[in-house]
Amino acid sequence: MLGREGDEIPLRPKALELLIALTASEGRPLDKAELLDRIWGDVHVTEDSLFQAVKDARRALDDRKGRLLRYLPRRGYLLDCTLTTAPQVTPAAEPALRTDRPSIAVLPFRVLGTGISAYVAAGLVEEISIALSRFRWLFVLANASAVAIAAQRADMADSSAVARDLGIGYLVDGSLDQTEAGIVVRCRLVETTSGRQVWQERFTSQSDGILRLYEMITSSIAAAIEPRLLRAEVERVLRRGTADLGAFDYYLRALPGYYSRTPGGNAEAVTLLEAALARDPHFTLATALLGRCVATSVWLGTEPDYAAGAARALALARAALNIDRSDPQVLALSGHLLAVVGGEHAEGGALLDLSLQINPNSAEAWRLGGWVSAWNGDTERALQRLAEAERLDPLSPLQSDVHSARSVALLVGRRFGEAVEAARRSIATTPEATAPRRFLVAALWHAGERDEAKSECASLIKRQPNSSLKRSRTLQSFRYPWMLDLLIDGLRGAGIPE
């Protein structure tokens, strides 16, 4: 969006769509339902998303008191000013983008050959931008600005330079081609500061329908880009050192410890997330992730007062939801804690369902949803969700967590041999984790492998001396009593003390 002086004002995609809708209404107020339908379409979101878009738009208009973007009680919102799309004769120099989040632009895709129309490529780029914008930790440049970047390029080096001047950290570009195998999409992710190619991939669709093509390719590209971009950001922050870190950088530095599932790594993540919240107490994602790390300290046995630790984890989950219930990642993290730690299975399950509805491309939400389904006693749904998490991010640093969730899902499904195999795969990836060891001990006992169960039980107690049946009863908030009985019977038989 251009300001009065021709300067570009950074604006989130949904805020821009809001302004476009209100401009097109020519002074007629639009109610909340109509705006939600126009801007989000078939995607179910709460009114919080609309309120956030209004807030972003008012900030861009320098209209914090709502005199331009007005709300009329019982009638809706209207834009009480004139906007113009007239080109500027002498455009002002582009200012650097001001955002505290990693930023990305999706450049127009090239069309190779004559088998594909240009509008198909343009539609795919728009769908990819929309899919990436669902990851709320990521700033996605509006398509019109991305087209402007592409118009100034002779090659990717030129595009990177233009994007870098704008403050854009990453670029996505690609091409479409029609072959005998179907439509082939080639895509890559480039870091603008170094010109380094972070990722590239080739996707093929045999679908004749454009909508099916968009759905298949967009999901694949967004799911592949997000975790790789996040890892690239973590590496960037770690290379930069610790001087003058902002709240988001503290969050990024906490992620390796969160992924590690080790006592030391998790403790460092807690410290860094607390530092992030000291700088920004309303940083929703850091609040939700801190709750998850506090819960991990309880599960690892490093929190001596496990009841207090569990209570703090739940309080942080509630706090994150109170700040923002429209972020799908926050919904997933908080819903997981409410179900697995708090025993609020209906609410936790509903939050995970909503998270996956808003952003079906998040491997993390599918993984956390697998835990929630397992704790709910729904083995098949848990296994399906965990398989989807692996498909979306097969190289996830939390792969051990996927195997651990699969082991408990198989345990409560009484598929003990498979549960043993899944638990062993989790332990092989992260030996310090103790949760899969408990599931392994119980699965071995119920599978009739009593001597091996006792041996693994001894290893568990050596790693976590405060292991007890009382502790397990307190921390395992399964939906049905028989599920807890199944676990406790296996642990008791193998030698876990009362």
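The expected span of a helix is 1.5 Å times one less than its number of residues. Keep that handy for the exercises below, and remember that this is a predicted model.

**Exercise 1. Work out whether the length of helix α11 (residues 306-323) agrees with its number of residues.**

Solution. 
- Step 1: α11 has 18 residues, so at 1.5 Å a residue it should span 26 Å.
- Step 2: Now check the ends. The end C-alpha atoms of α11 are 26 Å apart, which agrees.

**Exercise 2. Find where the buried residues of α11 sit around its axis, and what they pack against.**

Solution. 
- Step 1: List the buried ones. They are Tyr306, Gly309, Ala310, Ala313, Leu316, Ala317, Ala320 and Leu321.
- Step 2: Look down the axis of α11. These buried residues fall within an arc of 135°, so they line one face of the helix.
- Step 3: Here's a handy rule to go with that. An α-helix has 3.6 residues a turn, so residues three or four places apart point the same way.
- Step 4: Look for the partners. The buried residues of α11 pack against α10 (284-300), α12 (328-340), α13 (345-358) and α20 (469-475).

**Exercise 3. Describe how α13 and helix α14 (residues 363-375) cross.**

Solution. 
- Step 1: Pick what to report. Two packed helices are described by the angle between their axes and the distance between the axes.
- Step 2: The axes of α13 and α14 come within 10 Å, and they cross at roughly 155°.
- Step 3: Angles over 145 degrees count as roughly antiparallel. That's why α13 and α14 are roughly antiparallel to each other.
- Step 4: From α13 they include Gly348, Gly349 and Leu352, and from α14 they include Trp366, Leu368 and Gly369.

**Exercise 4. Arg261 and Arg414 both have a positive phi. Decide for each one: buried or exposed?**

Solution. 
- Step 1: Phi of Arg261 is near 60°, and Arg414 has a phi of about 60°. Neither residue is a glycine.
- Step 2: Arg261 is in the loop between α8 (247-260) and α9 (263-279), while Arg414 lies in the loop between α16 (399-412) and α17 (416-429).
- Step 3: Buried means under 20% relative accessible area, and exposed means over 50%.
- Step 4: Arg261 has 7% relative accessibility, so Arg261 counts as buried. Arg414 has a relative accessible area of 51%, so Arg414 is exposed.

Methods: Residues are numbered from 1 along each chain as its sequence is written. This is a predicted model: local features need pLDDT of at least 70, side-chain atom pairs count only at pLDDT 80 or more; totals for chains, interfaces and linings use all residues. Side-chain values use heavy atoms; hydrogens and water are left out. Helices (H or I, at least four residues) and strands (E, at least two) are DSSP runs, numbered from the N terminus. Buried means under 20% relative accessible area, exposed over 50%, partly exposed in between (1.4 Å probe, protein chains only). The arc is that of the directions from the helix axis to the C-beta atoms. Contact means heavy atoms within 4.5 Å. Axes are lines fitted to C-alpha atoms, for helices over the stretch in contact, and angles run from 0 to 180 degrees between N-to-C directions. Angles under 35 degrees count as roughly parallel, over 145 as roughly antiparallel, 65 to 115 as roughly perpendicular and the rest as oblique.
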